[in-house]
Amino acid sequence: MLVRDLDRRAVLRAGLAGGLAAAGAGVLGGCDTASVPPGSAYGSTSARASGRSVPGAGAGSLVLPGSPLVARAEQARFTTGTVRSHAITLAAGEVDLGGPVVRTWSYDGTVPGPVIRVNKGDTVRATFTSRIPQPTSVHWHGVALRNDMDGTLVTQQPIRPGASFTYQFRASEPGTYWYHPHVGVQQDRGLYGMLIVDDPAEPGGYDQEWLVVMDDWIDGVRGHTPDKVLSLLKQGMGSMGSGSMGSMGSGNGGVLLSGATSRLLGGDAGDVKYPGYLINGRVAAAPHVFTGKPGQRVRIRLLNAGGDTAFRVALGGHTMTVTHTDGRPCRPVRTKALLLGMAERYDVLVTLDDGVFPLVAYAEGKNATALAVVRTGSGPMPPATARPAELTGVLRGYRKLRPPASAAPAARPPDVVSRIELTGTMAAYSWGFNGRMYPMGEGFLGPSYPRLVRVRPGQRVRITWVNTTKMWHPMHIHGHTFQVNGTGPLKDTVGVLPGQTVTCDFDTSNPGQWMTHCHNVYHEQSGMMGVIGYIT
Ligand SMILES: [Cu+2]
């Protein structure tokens, strides 16, 4: 199996098993575990260091992206010395979604954007030249990379229209990642692509590999743009008039969604009614067709690149074996279907049967599907509306997913526990943490901005998300992999249902300033975002 042969040294290097965190105490200078004073953040942060009480000491100084600690952490990462260069242009223009032609923003004129693929330890050097009319940035979702290459507005100035920026970082951890802008709601246009970091030592055990990227689509359809959707949402769902739902393009009618519910999501399924749902940039009427031979084993890397839609995925006639959660190894779990919140990834293995099969992504609670097709033999194409029975066999929650012993972090009580309430309502569209909305309009945030959580290098941190809202939220932490609910899967994005409490444990082995936010792009851009700041 993949997991048995995982390179344990790589895991240690990432600090997942305490390796870099422990080593980092020396490298990074100091490991003061009782140093997060109450009141230093607007979350109810408390420090618990071996039962000691918290000193009311000073807050320390922030480790900013330009800090020597960031450069030193990069130097400590595994490297092959190989540099993989890419040049990508952000284009505004027409893209064919398999029939519908839309005007949108994309990387190199394709949706999804180019796949960036490197080996573990290679250096990614990607130059982005912007030909879109808004400032932008590129975030490398899930990668434990150097902080100044994280592509957020707390780590860099945005890339202006006409300008270029080169991201360069060591990709030291294998996995399924993706890249997208971290400015505004640009991600809900065509701006997303996959980053795959291969481990040459991993004995695949499969014959083929397929990439499956799901998306909800509205940009360029009948004059809609994600920016317009956001402004409609901010006017408040409470203002939504009745009787206008049927017609796209008349006022807010047809764009804002109410009454979409899903038991899997604990209630309200989403805010936006999309006119289309895509797999690999294609509508269901013109699906991408994967081909193979009966009996072949295929690794499928699944990504939900949507803005406001969870997808339930199944391959008709097949059972999937989950091998990776957000790019991290997990003990093999067999399931008929998987639910992916926005930004979540799963790698699965399937053994192909003989025939033609629908690979369906059901837009959870929204009564629509995206489609790809798997062909290994003769037979008619499945209908665009196919809904295989396997969709009902979905893996519920994260309880069955666990890392293998070789990848599990060493047990350790947290040094810092930060309880953060997810707050806000649909009616007011006032999403935030602990009742506070992130000040979106301020642009680049300097060191004076209050941090949601302050941590020091070498700590075990527990973030406890408490969802007080009536909606689910896929919560993402930049630059780190966390373990869900103590012994659960290793992830970087975790769905938190209404009323639920979910914990995320991670080691502070990657100094810098890291965004944490809901990956519903409209919630994020309405204020459900904050910064986890390293201090020394
Ligand atoms: Cu949210």
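A residue counts as buried if 20 or more other C-beta atoms lie within 10 Å of its own, exposed if 12 or fewer, and partly exposed in between, with C-beta atoms placed from the backbone. Keep that handy for the tour.

This is a predicted model, where local features need pLDDT of at least 70, side-chain atom pairs count only at pLDDT 80 or more, and totals for chains, interfaces and linings use all residues. Residues are numbered from 1 along each chain as its sequence is written.

Now select Gly276, which sits in strand S13 (residues 276-279). Gly276 is buried because 22 other C-beta atoms lie within 10 Å. Show Trp217 as well: 59 residues away in sequence, its C-alpha is 5.0 Å from that of Gly276. Beyond neighbours within four places in sequence, Gly276 is in contact (backbone-placed C-beta atoms within 7 Å) with Leu97, Pro100, Trp217, Val221 and Val283.

Next, colour the open sheet of six strands, ordered S13-S10-S15-S20-S17-S18 with mixed pairing. Strands pair if DSSP finds at least two bridges between them. S13 and strand S18 (328-335) are at the edges with a single partner strand each, so one side of each has no neighbour in the sheet.

Last stop: select strand S15 (residues 297-304) and strand S20 (residues 345-351), an antiparallel pair with seven bridges. Opposite Ile300 you'll see Val348 in S20.

Technical notes:
Helix = DSSP H or I, 4+ residues; strand = E, 2+ residues; numbered from the N terminus. Contact = placed C-beta atoms within 7 Å.
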